[in-house]
Amino acid sequence: MIYSLLIQSSPDNLSICRCALEFAKTLLHRNHRIYRIFFYGEAVQLATCAAVPPQDDPDIYREWREFLEQHRLDAVVCIAAALKRGLLNREESARYQKSVVNLANPYDLSGLGQLIDAAVHSDKLITFA
Amino acid sequence: MQKRHLLFVFRSSPYGSGRAREGLDAVLAAAIFDQTVSVLFLGDGVFQLCAGQAPDDIRNQHKMLQSLPLYDVEYLYFSSSALAERRINAQDILIPGKPLSDPEIADLMATADQILTF
């Protein structure tokens with residue numbers, strides 16, 4: 001089956017972000033396909049490359065990044081949700097004349113149309129909120 | 001784009017987080033992309049429907065919801081039991097929506113192609 005994920009919880013909510021990651025890993029393990037993972041709301045903060053978790057804490061940012069890169073998944077961060085929370089790629093940083101570029105690879109910024117597209121083109125869209 | 005039935009479930013109170021507002025933005029995106037959109041208010045989400053909201057300096061969620069018919073979002077539902085649990089009177093809801101019992105909510109969820117929860 002073709003799945004997409006909608007993730008909305010902040011990285012601070014470690015259990016939900018971890019749950020979503022384990023779910024995604026299990027999907028691939030069982031030979032399902034992931035069409036897209038859409039990061040919305042507070043979850044856009046997972047896509048920062050600038051977070052430094054305390055030494056004793058698991059690095060959920062790195063875990064997500066490595067998983068997305070390893071499987072070359074389509075990871076889309078809602079651009080409006082990202083901009084208002086101060087998460088910028090090179091292009092947006094230049095557009096708004098900011099001195100920061102903090103969107104990690106392999107995340108892309110795009111619009112809510114990508115969420116609707118994922119809902120239309122997947123057999124199941126699963127929300128983690 | 002193919003046309004599918006997307007059910008948006010709102011479970012958050014209007015102002016405690018950005019979720020109600022961001023959920024509504026997603027509903028509008030679905031409407032713009034010409035999908036069949038239903039919106040269901042569950043749990044604390046029914047507080048979004050209450051009339052008389054007067055937030056200072058932030059967007060009034062109730063007013064935004066009233067604009068949904070302009071975007072051809074015609075199917076609004078709310079949970080009767082969520083209303084009763086919170087002692088909200090149906091006449092205090094000024095948005096045209098249909099009250100649903102819990103079994104009717106299950107039926108609605110079964111008919112949707114996708115469910116997006118906010």
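**Strand 5 against strand 1, chain B**

Select V9(B) and T117(B). In this predicted model, T117(B) in strand 5 of chain B is the bridge partner of V9(B). Strand 1 and strand 5 of chain B pair in the parallel sense, over four bridges.

**The other side of strand 1**

L40(B), in strand 2 of chain B, stands opposite V9(B). Now show residues 5–10 and residues 36–41 of chain B. These are strand 1 and strand 2, and they pair in the parallel sense over six bridges. H5(B) has T36(B) as its bridge partner in strand 2 of chain B. F8(B) stands opposite V39(B), also in strand 2 of chain B.

Are these two strands mostly covered or mostly exposed? Both are mostly covered. In strand 1 of chain B, five of six residues are buried. In strand 2 of chain B, five of six residues are buried.

**On to strand 3**

Y77(B) is the bridge partner of L40(B) in strand 3 of chain B. Strand 3 covers residues 75–79 of chain B and pairs with strand 2 of chain B in the parallel sense, over four bridges.

**The whole sheet**

Show every strand of chain B. Five strands form an open sheet with parallel pairing, in the order 4-3-2-1-5. Which strands stand at the edges? Strand 4 (98–100) and strand 5 (114–117) of chain B do. Each has a single partner strand, so one side of each has no neighbour in the sheet. From one strand to the next, the twist averages 25°.

**Helices over the sheet**

Select residues 19–32 of chain B. This is helix 1 of chain B, which packs on the sheet and touches strand 1, strand 2 and strand 5 of chain B. The direction of helix 1 makes about 170° with that of strand 1 of chain B.

Trace the chain from strand 1 through helix 1 to strand 2 of chain B. These elements make a right-handed β-α-β unit. Carry on from strand 2 of chain B. The chain crosses through helix 2 (residues 61–66) to strand 3 of chain B, and this β-α-β crossover is right-handed.

**A stop at D72(B)**

Between helix 2 and strand 3 of chain B, find D72(B) in the loop. D72(B) is not a glycine, yet has a positive phi of about 65°. Is D72(B) buried or exposed? D72(B) counts as exposed because it has 12 C-beta neighbours inside 10 Å, and the cut-off for exposed is 12 or fewer.

**Where the chains meet**

Show both chains. The contact takes 17 residues from chain B and 15 residues from chain A. On the side of chain B that touches chain A, helix 1 and strand 5 of chain B are the elements that give two or more residues. Helix 1 of chain B gives the most, with six residues. By class, this side of chain B has eight nonpolar, five polar and four charged residues.

**The nonpolar core**

Select F39(A), V44(A), V77(A), L115(A) and F8(B). Of the 68 residues in the largest nonpolar core, these touch the most other members. Helix 1 of chain B provides the largest share of this core, six residues.

Centre on V77(A). Leaving aside residues up to four places away in sequence, V77(A) touches F39(A), V44(A), A47(A), A82(A), L87(A), Y107(A), D108(A) and L109(A).

Next, go to residues 113–121 of chain A. This is helix 5, mostly covered, with seven of its nine residues buried. The buried ones are Q114(A), L115(A), I116(A), D117(A), A118(A), A119(A) and V120(A). L115(A) is also one of the core residues listed above.

**Two backbone stops in chain A**

Select N105(A) and P106(A). The peptide bond from N105(A) to P106(A) is cis, with omega near 5°. P106(A) is in the loop between helix 4 (90–95) and strand 4 (108–110) of chain A.

Finish at N31(A), in the loop between helix 1 (14–29) and strand 2 (33–39) of chain A. Phi of N31(A) is near 65°, positive in a residue other than glycine. N31(A) counts as exposed because it has 7 C-beta neighbours inside 10 Å.

Notes:
Residues numbered from 1 in each chain as written. Chains lettered and ligands numbered in written order. Predicted model: local features only at pLDDT ≥ 70, side-chain atom pairs only at ≥ 80, totals over all residues. Buried ≥ 20, exposed ≤ 12 C-beta atoms within 10 Å, placed from the backbone. Pairing = 2+ DSSP bridges. Axes fitted to C-alpha atoms, helices over the stretch in contact; angles between N-to-C directions. Contact = placed C-beta atoms within 7 Å. Nonpolar A, V, L, I, M, F, W, Y, C, P; charged D, E, K, R; others polar. Right-handed = clockwise from strand over helix to strand, strands pointing away. Core = buried A, V, L, I, M, F, W, Y, C linked by C-beta atoms within 7 Å.
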